[in-house]
Amino acid sequence: MLYYFLHIHPQNSFLLCIRNLSTAVFIDAKSCSSIADCQKTHVRAIKSDLFSHGFFGDRLVSAYVLCGRSDYAHQLFDEIPNKDLVSWNSISSAFLKRGNATESLKLFSLMRLATNLKPNDVTLVTVLPACAKIQAIDEGKCIHSYVVKTGFSSELKVVNSLINMYGKCGSVNTACQLFEIMPVRNLVSWNSIISMHTQNGFAEDAINIFNSMRRNDFEPDRATILSVLQACANLAVVRQGKVIHGYIVSCGFGLDVPIATALINMYAKSGNLDTSYEVFCEMINPDAIAWTAMLAGYAINGQGREAIFVFACMVDKGLKPDHVTFTHVLSACSHSGLVIEGKNYFKIMAEIYGIEPRVDHYSCMVDLLGRSGLLKEARQMIENMSIEPNSAVWGALLGACRIHNNIKIGKEAAERLFALDPSDPRNYIILSNMYSATGMWRDASKVRALMKERGVRKKPGCSFIEHDGKVHRFVVGDQSHPETEMIYMKLHELTRKMRESGYVPKTEFVLHDVDEVEKGDLISIHSEKLAIAFGLLVIRGGVPIMITKNLRICGDCHSMAKFISLIEKRRIVIRDSKRFHHFANGCCSCGDYW
Ligand code: ZN
Ligand code: ZN
């Protein structure tokens, strides 16, 4: 038996063994928190001959895994005689706990190949999360069919793990089907179906499911609250967010850092910075994460100076900004054109705080320099990058070239982007529009042909607006809304009024629409225009109209929103995929620079 230990730990094992010989007792290997603990227990186990009874070994194996010595663990595991299902389950789950899902799955396959053991519910709730973690959907599907065949589909824990696995692998529909047919659900089932919708970009559904959870008398917990707040932030639906805020207060969840940060983020992304600030002030001891959330709020709303002020206060309080803080402060500088400040932050980030610039920081810097017209300097920055530039970096350069109409650098950036991400329609559209804008029609049509040849399709644009506790969704030319007739009448009325006060449709933006069906006068029925018309109909005067758009707002919708804010004397806030536009009195907060 000494062989085991000598084999693993040849130097001082013998001495240790002798010392512990007299005190050999059964020690729960679960309590081992270091390699030294494991080794002591190991010695005792060897001495008391526990291994040969097929007992105890699996616990020690797990302890080795959890202490980061998978080499010892594997060696010992191989030597356990008559390994049963418990042994296999415990080592597999130890690897998962240690974050090594691949190893956990490997062991599962090995068990299936090398033994006749039948996986039980414990096995399943270990391997399914492992599949989820590394998005091994094919393995997950095999396990699913095993679950069905063996009748484990009546086990709540197993079905919850299946739902979670499909959700993490992006198969939201399959997860929903499983959820629908569940005879019994618990809080874990609801939480995983809600968070999966949030994480996969279906914020609208996440909120609807949350509401139906409440109708089914399930009390949300912190995890539910955090997912739904994120969904509200993604959709910018502040009414729903406020309901949840009220719920947090009345149920006494307390304003700890994760919840407060989620609230700050939700209000900021819905354009309600004042409320974000109120939440922030209610926090007793905001930490660096909370300060960063507040800073990010100002940054995304284009209030660069305020963001910089928050940064200064945070440093004043002795809190240390991290790489996320710097990403936000740099993006604040770039949205507000603060070139000197941005360059300074980029410099002190490395020099004072010892943070190596990451790809996000570079893309903010390229954006900042590029937008300000320093295209050559931006190009040079990419040249000097210590890491590989990604599509965000080249995308920032291309966006800047579009603003300043620099075809030469723009073409290079677009070509890099075509290579990095050939399926992203935006790059083709920007380049083709740049050519069109300078009358280079042949080049423009070449780019569109390339796009067609590669089968790249423009993502359909859609806009969301919240009213009466519901999220209303519009696509271009939408006629599915129950109030369609009224909406189109309002839109015609608006167009007439706008024409009278000098509005001319910016038809060059028709070129954004590469699809044949989206040509011509469809520009007048873009989703955000429909949403604005609907908002004017149903949202009472004095309340700003808040719209979220999944893509970048087009130039025509932008100028229309400015006109409407003037003629109808309404504040309109549009959050597009890039930034916020606060329209008031015929102007936009972005200064037409986005
Ligand atoms: Zn538009
Ligand atoms: Zn704007």
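Buried means under 20% relative accessible area, exposed over 50%, and partly exposed in between, with a 1.4 Å probe and protein chains only. The model is predicted: local features need pLDDT of at least 70, side-chain atom pairs count only at pLDDT 80 or more, and totals for chains, interfaces and linings use all residues. Residues are numbered from 1 along each chain as its sequence is written, chains are lettered from A and ligands numbered from 1 in the order in which they are written, and side-chain values use heavy atoms, with hydrogens and water left out.

**View 1. Protein donors of the zinc ion (ligand 1).**
His526 (ND1), Cys554 (SG) and Cys557 (SG) lie 1.9 to 2.3 Å from the zinc ion. Donors are N, O and S atoms within 2.8 Å of the metal (3.2 Å for Na, K and Ca); water is not among the atoms, so sites may look incomplete. The donor residues follow the spacing H-x27-C-x2-C. His526 sits in the loop between α28 (484–500) and α29, and Cys554 in the loop between β3 (545–549) and α30 (555–567), 28 residues apart. Helices (H or I, at least four residues) and strands (E, at least two) are DSSP runs, numbered from the N terminus. Is His526 buried or exposed? His526 counts as buried, at 9% relative accessibility. Cys554 has 6% relative accessibility, so Cys554 is buried too.

**View 2. The ring pair Phe346 and Tyr362.**
Rings of Phe, Tyr and Trp (its six-membered ring) pair if their centres lie within 6.5 Å; planes under 30 degrees apart count as stacked, over 60 as edge-to-face and the rest as tilted. The structure holds 13 aromatic pairs. Why is the pair of Phe346 and Tyr362 edge-to-face? The planes stand at 65 degrees, with the ring centres 5.7 Å apart, so the pair is edge-to-face. Phe346 belongs to helix α21 (residues 339–351) and Tyr362 to helix α22 (residues 359–371), 16 residues apart. Both residues are buried.

**View 3. The ring pair Phe474 and Phe534.**
The ring centres are 5.7 Å apart and the planes are at 55 degrees, so this pair is tilted. Phe474 is in strand β2 (residues 470–475) and Phe534 in helix α29 (residues 527–538), so the pair ties together parts 60 residues apart in sequence. Phe474 and Phe534 are buried.

**View 4. A ring cluster, and charges over rings.**
Ring pairs join Phe311, Phe326, Tyr345 and Tyr353 into a cluster. Elsewhere, the charged end of Arg69 sits over the ring of Tyr72, 4.4 Å from its centre. A charge sits over a ring if NZ of Lys or CZ of Arg is within 6 Å of the ring centre and within 35 degrees of the ring normal. Arg185 lies over the face of Phe179, 4.2 Å from the ring centre.

**View 5. An open sheet of 6 strands.**
The strand order is β2-β1-β3-β4-β5-β6, with mixed pairing. Two strands pair if DSSP finds at least two bridges between them. β2 and β6 (587–588) are at the edges with a single partner strand each, so one side of each has no neighbour in the sheet.

β4 (residues 572–575) and β5 run antiparallel, joined by 4 bridges. Val573 stands opposite His582 in β5. This hairpin has 4 residues between its strands. Ala584 faces Cys587 in β6, and Phe583 stands opposite Cys588. The β5–β6 hairpin has 2 residues between its strands, and Asn585 in the turn has a positive phi of about 50 degrees. In β5, 4 of its 5 residues are buried.
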